[in-house]
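The stops below go from single side chains to the whole chain.

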Amino acid sequence: MSVMRTKLKRDDTVKVLTGKEKGKTGKILRIDHAKNRAIVQGLNMVKKAVRPKSQQDKGGIIEVEAPIELSNLAFVGKGGQTTRLGYRFEGGKKIRYAKKSGDAV
């Protein structure tokens, strides 16, 4: 499995393009580059059985975010529209920018 290069980073706002969460937006919490997946806050929720860690602690069924394929996510820029990201140099620094608007991210 090859590692996909992505311009998305943690805390970016993204929109889901396909699947059961299509059209919903959320913030990236974590990216797994080895598996080409990201965990998006509040999206792709699954139920998980949890054992009690101590006698006072309760186990049970909780809902957690499951990873989403990076290719199914699009960056949401200012104004709420999806856009691709690019890199350019400004003043000797490499910055990310939104391709539709040209604004620095």
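Start by selecting Lys-47: does it count as buried or exposed? Lys-47 counts as exposed, at 63% relative accessibility. Bear in mind throughout that this is a predicted model.

Lys-47 belongs to strand 4 (residues 45-50) and Glu-63 to strand 5 (residues 60-65), so the pair ties together parts 16 residues apart in sequence. Glu-63 is partly exposed, at a relative accessible area of 46%.

Next, select Arg-37 and Glu-69. Their side chains also meet in a salt bridge, at 3.7 Å from N to O. Here Arg-37 sits in strand 3 (residues 37-40) and Glu-69 in strand 6 (residues 68-69), so this pair ties together parts that are 32 residues apart in sequence. Arg-37 is partly exposed, with a relative accessible area of 32%, and Glu-69 is partly exposed as well, with 23%.

Move on to Glu-21 and Lys-24, a salt bridge whose closest N and O atoms are 3.0 Å apart. Glu-21 is buried, at 11% relative accessible area, whereas Lys-24 is partly exposed, at 41%. The count for the model comes to 6 salt bridges.

Now show the whole chain as a cartoon. There are 10 strands and 0 helices. The radius of gyration is 17 Å, well over the 13 Å that the globule rule gives for 105 residues, so the chain is more spread out than a compact globule. Its C-alpha atoms fill a box of roughly 60 × 30 × 30 Å along the principal axes.

Finally, colour by accessibility: buried residues make up 29% of the 105 residues.

Terms used. Residues are numbered from 1 along each chain as its sequence is written. This is a predicted model: local features need pLDDT of at least 70, side-chain atom pairs count only at pLDDT 80 or more; totals for chains, interfaces and linings use all residues. Side-chain values use heavy atoms; hydrogens and water are left out. Helices (H or I, at least four residues) and strands (E, at least two) are DSSP runs, numbered from the N terminus. The radius of gyration is taken over C-alpha atoms; the globule rule is 2.2 Å times the number of residues to the power 0.38. Buried means under 20% relative accessible area, exposed over 50%, partly exposed in between (1.4 Å probe, protein chains only). A salt bridge is a side-chain nitrogen of Lys or Arg within 4 Å of a carboxyl oxygen of Asp or Glu.
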